[in-house]
Amino acid sequence: MQYANPTVTQDEAPEPTNEAAAARPGHEPHAATSFDPSTLHAVDDTPIAEDERTTVFEIRGLTARYSGAPAIRDVTMDIHSGRVTAVIGPSGCGKSTFIRCLNRMNDLIPGFTTEGKILYHGQDLHASGVDPVAVRRRIGMVFQRPNPFPKSIYENVAFGPRVLGMRRDLDGRVEHALRRAALWDEVKKRLRSSALELSGGQQQRLCIARAIAVEPDVILLDEPASALDPIATASIEDLMHELKREYTFVIVTHNMQQAARVADRTAFFSLSGEEDGGRSGVLVEYDATEKIFTNPSDKRTEDYVTGRFG
Ligand code: ADP
C-alpha cells in the first residue's frame, strides 16, 4: 500500500470536525513518516487465529484528565486488528474520552492531559516527533451525529484525499470508498447533489466513506448509530461486519444489544470514587463479548449487563 505525503492545501476547505481532521486547514504541512506502513495488517478473508492477530494498540496505565480532573484512570488493555472492540459503560465513565485518546483527538481541548502510554503498532503515540495530524489520518473517527460538510456527496469523500495530496484517480478513490461504505448504488447518479439531502443513515455511511477514503488503519466510532433508526442502525452494523477484516474498529456504544451484535471483544468501563470525592472511569473488565454478556468475572459487570445498574 502506498502512502502519499499529506500536503495540506487551503483550497476550499470547510472546517473538518472529524476524521478529516487528518487534514485540518491551518495546520502545517506534515509528512506521515512517523508510522511504518508495513506494520499494517494484510487484507484477508480467512479467520484470524488467536496467535496470528496483530496488536494494534497497547494501552498501558492510561489516565486522562480535563483541567486536572481525571476522566479515566489507569486503563490497560490491548486492541487487536481484524476485530470489532466495543466500549460500554454508564454515561460519564469516560468511554468517549478513552476512544478519543486513541487518535489524539482530545489534544485539541485546552487543559486535556494524559499519563501512561498508548502504543500504536509498537510506536508511542505521544512520542516527540509523532504528528497528531498523521495519527488522525491513520486512525479515523466517526461521530454520534452524522456531520457531512455542506458540500456535494463527491466533495465530502474527495476532501480528505485532496488535502492529503492523494490526487491520483480521485474519481476511482471516491467510488471505492462509497462502495466500501455500501452507499455507491444509492448515490452514484447524484454525486454532485448536496450531502445534506441524504437521510441520516446515508449521511453516517457517507462519513464512514469519508474516513475510508484516506486509507486508514483504524476506524473509531463514537455512538455512531444513536441518532439513527433501526434500519439505518442495522446497515451500519452490517458494514462493520463486512469491513472488519480490513479495518480495526473500536466502537463506543451505550446500547448493549449493539455491542453484543457487532463486537468480538467488549470493554466495560465504570465509575470509581477518587480520594477527593470526585469520580473517574476505570476499566472493570475486558474480554470476549460473549463472556462479558453471559458469564462476566466481575460483579460490577454483571450488575450492569443484567440491568441492575446504570
Ligand atoms: P462517556 O462517553 O462515558 O459518557 P465522557 O468521556 O464523555 O464519558 O466523559 C467522562 C468525564 O469527562 C465526564 O465527567 C465529563 O463531564 C468529562 N468531560 C468530557 N469531555 C470534557 C471536556 N471537553 N471538558 C471537560 N470535561 C469533560
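Modeller: Let's start with a pair of residues: A267 stands opposite Y286 in β10. Keep in mind that this is a predicted model.

Colleague: Thanks! In which sense do β9 and β10 pair, and over how many bridges?

Modeller: They run antiparallel, with 9 bridges between β9 and β10, the latter covering residues 279–288.

Colleague: And how many residues sit between β9 and β10 in the hairpin?

Modeller: There are 5 residues between them, and G277 in that turn has a positive phi of about 90 degrees.

Colleague: What about β3, in which sense does that strand pair with β9?

Modeller: That pairing is parallel: β3 (residues 84–88) and β9 (residues 265–273) share 4 bridges. As an example, A86 has T266 of β9 as its bridge partner.

Colleague: Changing topic, where is S67?

Modeller: S67 lies in the loop that links β1 (55–66) and β2 (69–80). Its phi is near 45 degrees, which is positive although S67 is not a glycine.

Colleague: Is S67 buried or exposed?

Modeller: S67 counts as exposed because it has 9 C-beta neighbours inside 10 Å, and the cut-off for exposed is 12 or fewer.

Colleague: Now E223, what is the phi there?

Modeller: The phi of E223 is near 50 degrees, again a positive value in a residue other than glycine. You'll find E223 in the loop between β7 (218–222) and α7 (230–243).

Colleague: Why is E223 called partly exposed?

Modeller: Because E223 has 18 other C-beta atoms within 10 Å, while buried would take 20 or more.

Methods:
Residues numbered from 1 in each chain as written. Predicted model: local features only at pLDDT ≥ 70, side-chain atom pairs only at ≥ 80, totals over all residues. Pairing = 2+ DSSP bridges. Helix = DSSP H or I, 4+ residues; strand = E, 2+ residues; numbered from the N terminus.
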